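Here is a short report on one protein chain. Keep the sequence and the 3D view open as you read.

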Amino acid sequence: MKISEIVVFVIYLAFMLSIGIFFFFKNRSGGDKTYFLGGRQMGPWVTALSAGASDMSAWVLMGLPASIYSLGIGQAWIAVGLAIGYTISWLVEAPRLRRFSVVANDSITIPQYLTNRFLSKSKVLQIMCAIIFLVAYTVYAASSIKACGTLFNTVIGMNANTAMYLAAIIIIGYTFLGGFTAVCWTDFFQGMLMLGALLIAPIFAGFMLDGMQTATMPEGYFNAFASWKDIVSGLGWGLGYFGMPHIIIRFMSLESQKSLKKSAKIGITWTVLIVIFSVLAGCIGRLFLGFDQNIADNSLVFISMVRRIFPGVISGILLSAVLAASMSTADSQLLAAASAFASDVYRPVIRKGKAGEKEMLWAGRLVVLVIAVVALLIASNPNSGSIMSLVSNAWSVFGAAFGPAIMLSLFWKRFTFGGAVAGIFAGALVDVLWLAFLSSTGIYEIIPATVAGLIAAVAVSLLGKKPGDDVEALFDRALHYDEDK
């Protein structure tokens, strides 16, 4: 245990909490649009790094390097799939989603957008989406909280469960107080820290390999084409971006269409660098550390490498990147679930449209607390699975359920409300069933589930009545929307 590492962690956590307190007082007169979407005033740098940091949770510093460390370079196809999917989402999905969400009654959540896109008064889609949000985000947040527990337990010997509670209190604190703006600004700083740490650790370890005996590598470790299932499943990870609510909601929060191109360049560059160096961390970590079952089982490649190479203060700063990765994703997940519940269930269904802005804010904050508590219970369960498995399960549900529906809503005029409901339901159902009964096939469940969601959405739309003239007119307005006119 290094005292300097503890000091750095304390300073870092205090800084994150201070951001939440700052924006609580700055935005206290703002309404639910300010709390849940930052009033659509986020700049390109904050939006880009916030989107990236909310995406790349602790698995990019712990889970993915551990997979590369244990199983070989074939796991790098996950990084390839993510880089391709993220690039396409920024270039193809983001421009239209921002315009469509504004034209669709200035929607501030994904369920709200999908309902308003079809000018529907039905609450079925909003309720269904909110349920998926609450379940999947609880699992996703559990992975981030679990990573914090592993970090503190490894570095300073703190009981893992105690560490999870401490991390959760900080995350809840600034999310509860500052809302979307605080989440984005904390994610901005955390994104910078994550990139710096992933650039520094593998490079230093790589240079140190020259003068030492490297580990004996197993046969086939560097063969990226050993398994077609690894290739297909890895590339399939990219499908998740088109329906990941806590990421694509950043597209909706941009201050203007003009900011989008700059934000896309920043975001794509950041993500490509992150996944490349995450793979290098796992590969170089295997050479540098040799194989250790404890490192593999507890996803400690990055942590062990940093602690072996750097003195206390520097290792504390670099290891804070694990905290950054965990917190930047957990806060976004908590806020996205809270906004979905408050805007799409509490106000229209429970309160029948009578809830005021302050009531909405407190309903959302209550959901933040509830989800965090349940996520803590999951994370503290020793049988809950690895960080990587928890992330992959939540990621696939979101991608399969919402990806086809959102993309069709942006690019297909004939798409209907019924098609959206069918696509979301089919995608989520097939994902869960594949995971439960067919995971032994080795094919990542997001692939068959996305195909099922797409087929269901298209089939129901074609078999039903075409959208009304008013819905088609909204589609046309969104295509030609220009906020500068």
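## Helix H4 and what follows

The model is a predicted one.

Now look at H4 itself. Helix H4 covers residues 63–71. Seven of its nine residues are buried, so the rest of the structure largely encloses this helix. The buried residues are Gly 63, Leu 64, Pro 65, Ala 66, Ser 67, Ile 68 and Tyr 69.

What covers the buried residues of H4? Five helices are included in the cover: H5 (77–103), H11 (258–289), H12 (293–297), H13 (301–309) and H16 (387–411).

## The largest pocket

H4 also takes part in a pocket. The largest pocket has a volume of about 570 Å³. Its lining has 27 residues, and those closest to the pocket centre are Gln 75, Ile 78, Trp 237, Met 388 and Ser 392.

Which helix gives the largest share of the lining of the largest pocket? H4 does, with five residues. At least two lining residues come from each of H4, H5, H9 (228–236) and H16. By class, the lining of this pocket divides into 10 nonpolar, 14 polar and three charged residues.

## The second largest cavity

Which residues line the second largest cavity? They are Ala 141, Ile 145, Ala 168, Ile 171, Ile 172, Leu 334 and Ala 372. By class, this lining has seven nonpolar residues, with no polar and no charged ones. Helix H7 (124–156) and helix H8 (160–208) each supply at least two of the lining residues. The largest share is three residues, and it comes from H8.

## The largest nonpolar core

How many residues make up the largest nonpolar core? There are 150. Six of them touch the most other members: Leu 61, Trp 90, Phe 302, Trp 395, Phe 402 and Ile 424. H7 gives the largest share of this core, 18 residues.

In soluble globular proteins, nonpolar side chains tend to be buried together.

Find Gly 316 in helix H14 (residues 312–350). Is Gly 316 buried or exposed? Gly 316 has a relative accessible area of 0%, so it is buried.

Gly 316 and Phe 9 are 307 residues apart along the chain. Their C-alpha atoms are separated by 6.7 Å. Leaving out residues up to four places away in sequence, Gly 316 touches Glu 5, Val 8 and Phe 9.

## Cysteines

How many disulfides are there? The count is zero. Cys 129 has a relative accessible area of 0%, so it is buried. Cys 283 has a relative accessible area of 10%. The cut-off for buried is under 20%, so Cys 283 is buried too.

Technical notes
Residues numbered from 1 in each chain as written. Predicted model: local features only at pLDDT ≥ 70, side-chain atom pairs only at ≥ 80, totals over all residues. Heavy atoms only, no water. 1 Å grid on protein atoms, 1.4 Å probe; cavity = no way out; pocket = protein on both sides within 12 Å on 5 of 7 lines; lining within 4 Å. Helix = DSSP H or I, 4+ residues; strand = E, 2+ residues; numbered from the N terminus. Nonpolar A, V, L, I, M, F, W, Y, C, P; charged D, E, K, R; others polar. Buried < 20%, exposed > 50% of the residue type's maximum accessible area, 1.4 Å probe, protein only. Contact = heavy atoms within 4.5 Å. Core = buried A, V, L, I, M, F, W, Y, C linked by side-chain atoms within 4.5 Å. Disulfide = S-S within 2.5 Å. Points joined across faces, edges and corners; volume = space filled by probe spheres on them.
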